[in-house]
Amino acid sequence: SSAFLAAASSAALAAADDLSATRDVLAAALEAPHGGIAGDGAVTLELASALVPLATPLLRSPHAPYADVALRFSRRVAHAFEPALAGAKAHAAAEKSGGRKRGIGVDLAGEERVARATATRGALLGQVDALEGLAVAAEGDLGVRARELLGALERFA
């Protein structure tokens, strides 16, 4: 299935610890045909949930082109899947306050989407420290865009 392929590819990239290869994969996702990252394009929420965690090491890279691709990828994911990520925040808040959990079998596709959105939200929020460092250390446009993404992520925190 595509979920297995996304997870396996993500795990292989993470294990290889090759920032250049990771940068190439994220750049390809940004340039994907059929709208790229648009919520219904080539980069689905499923694939985004597998790739967003890989962007964090790139944000910490001393190489500006690596940080740039990671920043653009994370920003596009945050904006393209904003409704799903906001839904994941609401779902987490409901569970935390003792809200009723939906049972498996009620809406499997919906539950899988919430799980992917929750994973993506968690990975994006996991970038906050790296983004704060980039916002302070980076010069010019890169620092400005890091601060903008930090502002966008506040909606999902």
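Predicted model: local features only at pLDDT ≥ 70, side-chain atom pairs only at ≥ 80, totals over all residues.
Modeller: Local features need pLDDT of at least 70 and side-chain atom pairs pLDDT 80 or more, while totals for chains, interfaces and linings use all residues. Numbering starts from 1 along each chain as its sequence is written, and side-chain values use heavy atoms, without hydrogens and water.

Colleague: Why is Arg145 called buried?

Modeller: Buried means under 20% relative accessible area, exposed over 50%, and partly exposed in between, with a 1.4 Å probe and protein chains only. Arg145 has 14% relative accessibility, so Arg145 counts as buried.

Colleague: What makes the pair of Arg145 and Asp68 a polar contact?

Modeller: The term needs a pair of N or O atoms within 3.5 Å; within protein, one must be able to donate a hydrogen and the other to accept it, and residues adjacent in sequence count only if both atoms are side-chain atoms. The side chains of Arg145 and Asp68 make such a contact at 2.5 Å. Arg145 also touches Leu71 and Arg72, leaving out residues up to four places away in sequence.

Colleague: What makes a set of residues a nonpolar core?

Modeller: Its members are buried Ala, Val, Leu, Ile, Met, Phe, Trp, Tyr and Cys residues joined through side-chain atoms within 4.5 Å. The largest one here has 41 residues, and Leu71, Phe73, Leu131 and Leu134 have the most contacts inside it. Beyond four places in sequence, the contacts of Leu71 include Leu131, Leu134 and Arg145.

How values were computed: Contact = heavy atoms within 4.5 Å.
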